[in-house]
Amino acid sequence: MTSSELWTRATAGRYDAEEAEASSAAVLGPTLAFLAELAGDGRALEFAIGTGRVGVPLRERGVPVVGVELSEHMAAVLRRKVDEGTLPVVIGDMATTVVPGGFTLVYLVYNTITNLLTQDEQVECFHNAARHLEPGGRFVIELGVPPLRLLPPGQVAVPFDVSQQHLGFDTFDLVEQMLVSHHFTRDGDDGHYRRENSRHRYAWPAELDLMARIAGLELERRVADWDGSPFTQDSAKHVSVWRKPA
């Protein structure tokens with residue numbers, strides 16, 4: 001067991017509804033095209049596959065997908081969408097779980113590498129990706145850039161969503177390189193809000209490049225989003241691709 005926090009049955013049951021926008025064609029279209037091109041004629045392995053937001057439609061595009069997922073509750077939601085023979089899922093953590101066979105693509109989306117709460121575990125995640133990749137294969141991570149430029153002196157919180165249904169903000173521990181993501185979500189029409197929070201270890205692009213180098217991978221490409229837009233100093237996130245030498 002790694003330090004990742006487990007998704008509960010209740011959270012897993014709400015996940016797809018609360019992430020409906022992230023599952024829309026406008027968001028998923030570029031994501032699936034990007035990943036399918038990298039997978040080519042090979043197999044893809046998704047670390048932390050969750051409810052299959054990306055893995056299920058990628059499989060529908062003809063890419064054989066295998067998933068690793070720590071939460072049995074999240075995997076159970078995925079299993080209602082597709083059977084084990086079509087999209088196998090191994091219950092385990094993304095830093096150490098080994099899946100049989102080789103892959104042309106290993107990918108980790110939606111900031112999920114930050115669920116590993118220590119630098120050592122994040123390094124092991126890169127090692128695990130390299131372990132599964134065939135020569136010439138790629139490891140892809142989608143991750144937000146830590147918004148520390150938005151922190152004035154003495155402030156530790158940054159809002160990321162302020163809407164009628166949801167209030168979200170992150171609080172930062174700059175010494176330990178940790179953040180806590182706080183969510184207040186409106187439950188029904190009675191004015192009550194549900195409070196949830198989760199811990200994450202944030203990491204910089206250059207830090208991930210060093211992790212990749214330790215695992216024997218080389219940076220091939222970094223863009224600001226799945227549409228291939230250039231990564232700049234003002235980008236809020238990045239999609240990075242590391243290649244295992246042939």
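1. Helix H2 covers residues 25–39, 15 residues in all, and reaches 20 Å from its first C-alpha to its last, close to the 21 Å expected at 1.5 Å a residue. The expected span is 1.5 Å times one less than the number of residues. Helices (H or I, at least four residues) and strands (E, at least two) are DSSP runs numbered from the N terminus. After H2 comes glycine 40, whose phi is positive, near 60°.

2. This is a predicted model, in which local features need pLDDT of at least 70 and side-chain atom pairs count only at pLDDT 80 or more, while totals for chains, interfaces and linings use all residues. Residues are numbered from 1 along each chain as its sequence is written, and side-chain values use heavy atoms, with hydrogens and water left out.

3. The buried residues of H2 are Leu28, Thr31, Leu32, Phe34, Leu35, Ala36, Leu38 and Ala39. Buried means under 20% relative accessible area, exposed over 50%, and partly exposed in between (1.4 Å probe, protein chains only). These buried residues pack against helix H3 (55–60) and strands S4 (103–108), S5 (133–144), S10 (218–223) and S11 (237–243); contact here is heavy atoms within 4.5 Å.

4. Rings of Phe, Tyr and Trp (its six-membered ring) pair if their centres lie within 6.5 Å; planes under 30 degrees apart count as stacked, over 60 as edge-to-face and the rest as tilted. By this rule there are nine aromatic pairs. One of them joins phenylalanine 47 and phenylalanine 139, edge-to-face, at 6.3 Å centre to centre with 65° between the planes. Phenylalanine 47 lies in strand S1 (residues 44–47) and phenylalanine 139 in strand S5, so this pair ties together parts that are 92 residues apart in sequence.

5. Phenylalanine 139 also pairs with tryptophan 242: the centres are 6.1 Å apart and the planes at 40°, so the pair is tilted. Phe47, Phe126, Phe139 and Trp242 form one aromatic cluster.

6. On the surface, Val162, Leu167 and Tyr193 form a nonpolar patch with about 280 Å² of accessible area together. Patches of this kind take residues with over 30% relative accessible area and no salt bridge, nonpolar side chains (Val, Leu, Ile, Met, Phe, Trp, Tyr) being joined within 5 Å and like charges within 9 Å. A salt bridge is a side-chain nitrogen of Lys or Arg within 4 Å of a carboxyl oxygen of Asp or Glu. Leucine 167, in strand S7 (residues 166–173), is partly exposed, with a relative accessible area of 34%.

Notes
Areas by Shrake-Rupley, 256 points an atom, 1.4 Å probe, with all protein chains shown as cover.
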